[in-house]
Amino acid sequence: MIRGFLIFFFVMMLFDTALASTFLPKAFEGHFVQEKKLIKITEKSNILLKYQHPNNLYFKDSQTKTVYVCNATKVYKYDPPFIEGEAGNLAIGDSSKFCFSKIFDSLKPGLKNNRNYLVQKLKNNKYDFNFTKTGIKKTGIEKLEIIFKKGSQEFVDIISISLYLVDDARPLKLTKKEIIIKDKFPSDTFKFKRPDNALIERMQ
């Protein structure tokens, strides 16, 4: 009897883990409208985001042309020059400290409480992800607000994600235009080649 219960319990744990791990795709390409409210204005831009679990993120802002790339070892943030031919600015950092992929990496458990965050369901298919001390230290995020399409809790059916950085009451909002699930990206997607005459600084 006890042996049968233990087997059943173990199978259910595996099943539960499998369900949780399906929330976040292993790799996806996302097209979003990024919105940040400042004191007097709201900045908006279209962004392209590529993610592959774990530790891989590519981000490009269509307005500023800023490119951000991180992988298992390094983070690169490149701001091109305003005038063609002048030097752009390239910041390089340690992935363990500055890689924003950790935000997506942390979402692997989906809508389940875990060591990184606690989930609260609100109205209109909206969920708050309130980060624990462990989660805040790992991601630099205090809270996420995710709104899903009515009747769904699937990652591809996200309507918007609002990210609240530590000590910042104004969220960075990403409104989905399209999410494309990928098996994986080419190996060079999350590598960065330094542009000619770029000015280099170290992330602090």
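1. Basis. The model is predicted, so that local features need pLDDT of at least 70 and side-chain atom pairs count only at pLDDT 80 or more, while totals for chains, interfaces and linings use all residues. Residues are numbered from 1 along each chain as its sequence is written, and side-chain values use heavy atoms, with hydrogens and water left out.

2. Aromatic pairs. The structure holds 13 aromatic pairs; rings of Phe, Tyr and Trp (its six-membered ring) pair if their centres lie within 6.5 Å, and planes under 30 degrees apart count as stacked, over 60 as edge-to-face and the rest as tilted. F23 and F155 form an edge-to-face pair, at 5.8 Å centre to centre and 85 degrees between the planes. This pair links distant parts of the chain, 132 residues apart: F23 lies in the loop between α1 (2-21) and β1 (27-37), and F155 in the loop between β9 (141-148) and β10 (158-165). Helices (H or I, at least four residues) and strands (E, at least two) are DSSP runs, numbered from the N terminus. Both F23 and F155 are buried, where buried means under 20% relative accessible area, exposed over 50% and partly exposed in between (1.4 Å probe, protein chains only).

3. A tilted pair. Y117 and F131 are 5.5 Å apart centre to centre, with 55 degrees between the planes. Y117 belongs to strand β7 (residues 117-121) and F131 to strand β8 (residues 126-131). Y117 is buried because its relative accessible area is 0%; F131, at 8%, is buried as well.

4. Cores. A nonpolar core is a set of buried Ala, Val, Leu, Ile, Met, Phe, Trp, Tyr and Cys residues joined through side-chain atoms within 4.5 Å. The largest has 32 residues, of which F28, L49, F104, F129, L144 and F155 touch the most other members. Strand β9 supplies the largest share of this core, four residues. Another core, of six residues, lies apart from it and includes A27, V67, F185 and F190.

5. T189. This residue lies in the loop between β11 (172-182) and β12 (199-202). T189 counts as buried because its relative accessibility is 13%. Leaving aside neighbours within four places in sequence, T189 is in contact (heavy atoms within 4.5 Å) with K50, Y58 and V69. The charged end of K50 sits over the ring of Y58, 5.4 Å from its centre; the criterion is NZ of Lys or CZ of Arg within 6 Å of the ring centre and within 35 degrees of the ring normal.
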